[in-house]
Amino acid sequence: MSRIFLALLLLMFLEEWCIADEQTPDNELQVALDWACGRGAADCSKIQKDQSCYYPNTVRDHSSYAFNSYFQRYKRKGGSCFFNNAAMVTQVDPSKYLN
């Protein structure tokens with residue numbers, strides 16, 4: 001097998017998540033969150049009050065959820081994890097670090 005084929009095969013099995021950048025202020029995250037859940041068409045139903053992912057109830061946690069929802073839905077269609085520089089891609093499953 002060629003090296004390029006092996007590299008592509010490896011990339012297919014790497015998982016990536018889009019999360020809020022820890023250095024982004026909450027007011028900037030809120031703007032990006034509003035876009036993701038609105039025009040971006042991320043599935044934000046589970047971060048609504050009384051839903052399974054509402055807690056922890058922080059702008060940062062809700063943003064990470066919404067950013068990742070958008071990213072997973074659209075990354076193969078040209079979508080990114082940029083959100084005006086408020087987000088970043090990680091290969092570490094963020095759910096492993098929930099309290």
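Residues are termed buried when their relative accessible area is under 20%, exposed when it is over 50%, and partly exposed in between, with a 1.4 Å probe and protein chains only. The structure is a predicted model, in which local features need pLDDT of at least 70 and side-chain atom pairs count only at pLDDT 80 or more, whereas totals for chains, interfaces and linings use all residues. Residues are numbered from 1 along each chain as its sequence is written, and side-chain values use heavy atoms, with hydrogens and water left out.

The protein chain contains three helices and two strands, where helices (H or I, at least four residues) and strands (E, at least two) are DSSP runs numbered from the N terminus. Along the sequence, these elements follow the pattern α-β-α-α-β. Of the 99 residues of the protein chain, 30% count as buried. With contact taken as heavy atoms within 4.5 Å, residues 24 or more positions apart account for 70% of the contacts with a separation of 6 or more.

Helix H3 (59-74) buries His62, Ser63, Ser64, Ala66, Phe67, Asn68, Ser69, Tyr70 and Phe71. These buried residues pack against E1, H2 and strand E2 (87-90). The expected span of a helix is 1.5 Å times one less than its number of residues. For the 16 residues of H3 this gives 22 Å, in agreement with the 22 Å between its end C-alpha atoms.

Helix H2 (residues 26-37) comprises twelve residues and reaches 16 Å from its first C-alpha to its last, close to the 16 Å expected. Its buried residues are Leu29, Ala32, Leu33 and Ala36. They lie on the same side of H2 because they cover an arc of only 105° around the axis, the arc being that of the directions from the helix axis to the C-beta atoms. On the other side of H2, Asn27 and Val31 are exposed. The buried residues of H2 pack against strand E1 (17-20) and helix H3.

Aromatic contacts were examined next. A pair of aromatic rings is described by the distance of the centres and the angle of the planes. Rings of Phe, Tyr and Trp (its six-membered ring) are paired if their centres lie within 6.5 Å; planes under 30 degrees apart count as stacked, over 60 as edge-to-face and the rest as tilted. By this rule the count comes to six aromatic pairs. The ring centres of Trp35 and Tyr70 are 5.4 Å apart and their planes stand at 70°, so this pair is edge-to-face. The pair links distant parts of the chain, with Trp35 in helix H2 and Tyr70 in helix H3, 35 residues apart. Trp35 is partly exposed at a relative accessible area of 37%, whereas Tyr70 is buried at 14%.

Tyr70 also forms a tilted aromatic pair with Tyr74, at 4.9 Å centre to centre and 45° between the planes. Tyr70 and Tyr74 are four residues apart in helix H3 and therefore separated by about one helical turn. Tyr74 is partly exposed, with a relative accessible area of 21%. Ring pairs link Trp35, Phe67, Tyr70, Tyr74 and Phe83 into a cluster.

Gly40, in the loop between H2 and H3, counts as buried at 4% relative accessibility. When residues up to four places away in sequence are not counted, Gly40 touches Trp35, Tyr70 and Tyr74. Gly40 and Tyr70 are 30 residues apart in sequence and 6.9 Å apart in space, C-alpha to C-alpha.
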